[in-house]
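The following exercises concern the structure shown below.

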Amino acid sequence: MTRGWRVMRDGVTALALLAFLWLIAAKLNDRAETNYVGQFHAVDGDSLNLGSERMRLYGVDAPELTQTCEREGARWACGQEAKKALQALARPGDTRCGGTERDRFDRMLVICHAGGIDLNAEMVRKGMAVSYGAYRDEETQAKVEKVGLWAGAFEMPRSVRDHAPRSDTRGIMGLLGW
């Protein structure tokens with residue numbers, strides 16, 4: 001066997017091994033969807049609780065609960081309104097949420113449906129949440145129609161979180177300046 005054939009054989013073997021490892025990794029990552037049905041409680045405009053299970057709507061970002069926005073020169077509690085909008089959509093007995101992964105806060109990332117409506121998309125379409133990696137068409141529609149957040153001025157929820165004051169976690173030593 002010549003050197004060229006050995007190099008080709010080794011290359012094909014390495015490629016086959018990589019493909020095999022990729023298939024194993026894909027299978028390990030192929031988790032079954034977890035589904036939830038029941039009486040959901042809106043924590044804010046993009047988070048739900050069902051009993052002790054905490055969930056976050058996949059692909060959307062709603063105003064922080066304490067966030068205010070501006071419309072027609074007046075401030076309004078857009079964070080509270082987003083929470084109310086999500087609670088109104090999550091109808092008792094008709095809402096189903098499903099997901100396969102968790103975020104860094106151990107909340108299940110879910111897509112929810114009620115009455116044939118994708119709640120995640122509807123929150124963005126109503127302008128009560130912005131696109132966060134998904135639902136770009138719904139966000140464009142909300143902007144064009146100037147609904148919800150898009151009817152005035154607001155700070156992106158991510159920016160509000162990034163600039164929120166953090167509590168001092170250093171304990172009594174930090175309070176004493178040590």
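A residue counts as buried under 20% relative accessible area, as exposed over 50%, and as partly exposed in between. The model examined here is predicted.

**Exercise 1. The chain as a whole**

Task: State how many helices and strands the protein chain has, and what percentage of its residues count as buried.

Solution. 
Step 1. The secondary structure comprises six helices and 11 strands.
Step 2. The protein chain has 178 residues, and 35% of these count as buried.
Step 3. The accessible surface amounts to about 11500 Å², with 57% of it belonging to carbon and sulfur atoms.
Step 4. Among the contacts with a separation of 6 or more, 53% are between residues 24 or more positions apart.

**Exercise 2. A nonpolar patch**

Task: Determine which residues make the nonpolar surface patch of about 360 Å², and classify Trp5 as buried or exposed.

Solution. 
Step 1. The patch is formed by Trp5, Met8 and Val12.
Step 2. Trp5 belongs to helix H1, which covers residues 3–29.
Step 3. The relative accessibility of Trp5 is 53%, and Trp5 therefore counts as exposed.

**Exercise 3. The largest nonpolar core**

Task: Identify the residues with the most contacts inside the largest nonpolar core, and the element that supplies the largest share of this core.

Solution. 
Step 1. The largest nonpolar core contains 34 residues, and those with the most contacts inside it are Phe40, Leu48, Met55, Leu57, Val110 and Met123.
Step 2. At least two residues of this core come from each of strand E3 (47–50), strand E4 (53–57), helix H2 (78–89), strand E9 (108–114) and helix H3 (119–125).
Step 3. H2 provides the largest share, namely five residues.
Step 4. As background, nonpolar side chains tend to be buried together in soluble globular proteins.
Step 5. Take Phe40 as an example: with its neighbours within four places in sequence left aside, Phe40 is in contact with Leu48, Asn49, Leu50, Met55, Gln87, Ala90, Thr95 and Cys97.

**Exercise 4. Salt bridges**

Task: Give the count of salt bridges, and describe the pairs Arg125 and Glu122, Glu139 and Lys143, and Asp106 and Arg102.

Solution. 
Step 1. A salt bridge requires a side-chain nitrogen of Lys or Arg within 4 Å of a carboxyl oxygen of Asp or Glu. By this rule, the count is 13.
Step 2. Arg125 and Glu122 form a salt bridge with an N to O distance of 2.4 Å. They are three residues apart in helix H3, and are therefore separated by about one helical turn. Arg125, at 26% relative accessibility, counts as partly exposed, whereas Glu122, at 16%, counts as buried.
Step 3. In the salt bridge of Glu139 with Lys143, the closest N and O atoms are 3.6 Å apart. Both residues lie in helix H4, four residues apart, about one turn of the helix. Glu139 is buried, with a relative accessible area of 10%, while Lys143 is partly exposed at 39%.
Step 4. The side chains of Asp106 and Arg102 meet at 3.7 Å, N to O. Asp106 is partly exposed at 48% relative accessibility, and Arg102 is partly exposed at 35%.
Step 5. A network of salt bridges links Asp46, Arg56, Asp61, Glu64 and Arg161.

**Exercise 5. A glycine in a loop**

Task: Locate Gly73, and state what distance separates its C-alpha atom from that of Gly152.

Solution. 
Step 1. Gly73 is placed in the loop between strand E6 (69–71) and strand E7 (74–76).
Step 2. With 68% relative accessibility, Gly73 counts as exposed.
Step 3. Gly73 and Gly152 are 79 residues apart along the chain, and their C-alpha atoms are separated by 8.3 Å.

How values were computed. Residues numbered from 1 in each chain as written. Predicted model: local features only at pLDDT ≥ 70, side-chain atom pairs only at ≥ 80, totals over all residues. Heavy atoms only, no water. Patch = residues over 30% accessible without salt bridge, like charges linked within 9 Å, V, L, I, M, F, W, Y side chains within 5 Å. Areas by Shrake-Rupley, 256 points an atom, 1.4 Å probe, with all protein chains shown as cover. Buried < 20%, exposed > 50% of the residue type's maximum accessible area, 1.4 Å probe, protein only. Core = buried A, V, L, I, M, F, W, Y, C linked by side-chain atoms within 4.5 Å. Contact = heavy atoms within 4.5 Å.
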